[in-house]
Amino acid sequence: MPVDRFDRPMRMPNERLINRQPNPGRRMELVKEGYIGLRLKLTPDEARAFWPLYRQYVQEQTAVRILKRENNSTNSPDGTQQIDNELKYETELVNIRKHYRDEFLKILPPEKVSELYKSEREFNDEVLKQLSERSVRAGD
């Protein structure tokens, strides 16, 4: 730990807060999980099986979306390759959804799996709406 000029231990500013606060992306995921949890009305047994699986599902989707974003962020001299990569990433996202749909159906009734996808869309739509409203209020 650093020391001040009087050889007293110094704390970094907000050190306790930094260590306890999840990053902004993680905070958003926690809010999203709370929303989905309320909508699905999971039993304790369902919740124990569902949440680790759901987090893995989100993690896999996020990894592909990052690759997709990177592919689209640069101009490739070979535009055809960039288009092919885009299609490959879209296919991977669909395959992830199909795989996890089957996994979710092993632990949840079809109605709850359907509600999961609906809840995700509604949550994302609401976030986009709020961001858009903030942008308009800010004059962008």
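**Pocket and helix packing**

Modeller: Start with the largest pocket: 18 residues line it, and K32, Q61, T62, R65 and N124 lie nearest its centre. This is a predicted model, where local features need pLDDT of at least 70, side-chain atom pairs count only at pLDDT 80 or more, and totals for chains, interfaces and linings use all residues. Residues are numbered from 1 along each chain as its sequence is written, and side-chain values use heavy atoms, with hydrogens and water left out.

Colleague: What makes a space a pocket, and what makes a residue part of its lining?
Modeller: On a 1 Å grid over the protein atoms alone, a pocket is an open set of points with protein on both sides within 12 Å along at least five of seven lines; a lining residue has an atom within 4 Å of a point. The largest pocket holds about 420 Å³ of space, a volume being the space filled by probe spheres set on the points.

Colleague: Which elements give two or more residues to that lining?
Modeller: They are α2 (24–40), α3 (44–73), α4 (79–107) and α5 (110–137). Helices here are DSSP runs (H or I, at least four residues), numbered from the N terminus. α3 gives the most, with seven residues.

Colleague: How do the lining residues divide by class?
Modeller: Eight are nonpolar, three polar and seven charged. Ala, Val, Leu, Ile, Met, Phe, Trp, Tyr, Cys and Pro count as nonpolar, Asp, Glu, Lys and Arg as charged, and the others, Gly among them, as polar.

Colleague: Why is α3 called roughly antiparallel to α4?
Modeller: α3 and α4 pack at about 175°, with their axes 9 Å apart. Angles run from 0 to 180 degrees between N-to-C directions, and axes are lines fitted to C-alpha atoms. Over 145 degrees counts as roughly antiparallel, so α3 is roughly antiparallel to α4.

Colleague: What makes α4 oblique to α5?
Modeller: The angle of α4 and α5 is about 135°. Under 35 degrees is roughly parallel, over 145 roughly antiparallel, 65 to 115 roughly perpendicular, and the rest oblique. The angle falls in the rest, so α4 is oblique to α5.

Colleague: Which residues of α4 and α5 meet?
Modeller: R97, Y100, R101, F104 and L105 in α4 meet P110, V113, L116, Y117 and E120 in α5. Contact means heavy atoms within 4.5 Å. This contact has seven nonpolar, no polar and three charged residues.

Notes. 1 Å grid on protein atoms, 1.4 Å probe; cavity = no way out; pocket = protein on both sides within 12 Å on 5 of 7 lines; lining within 4 Å.
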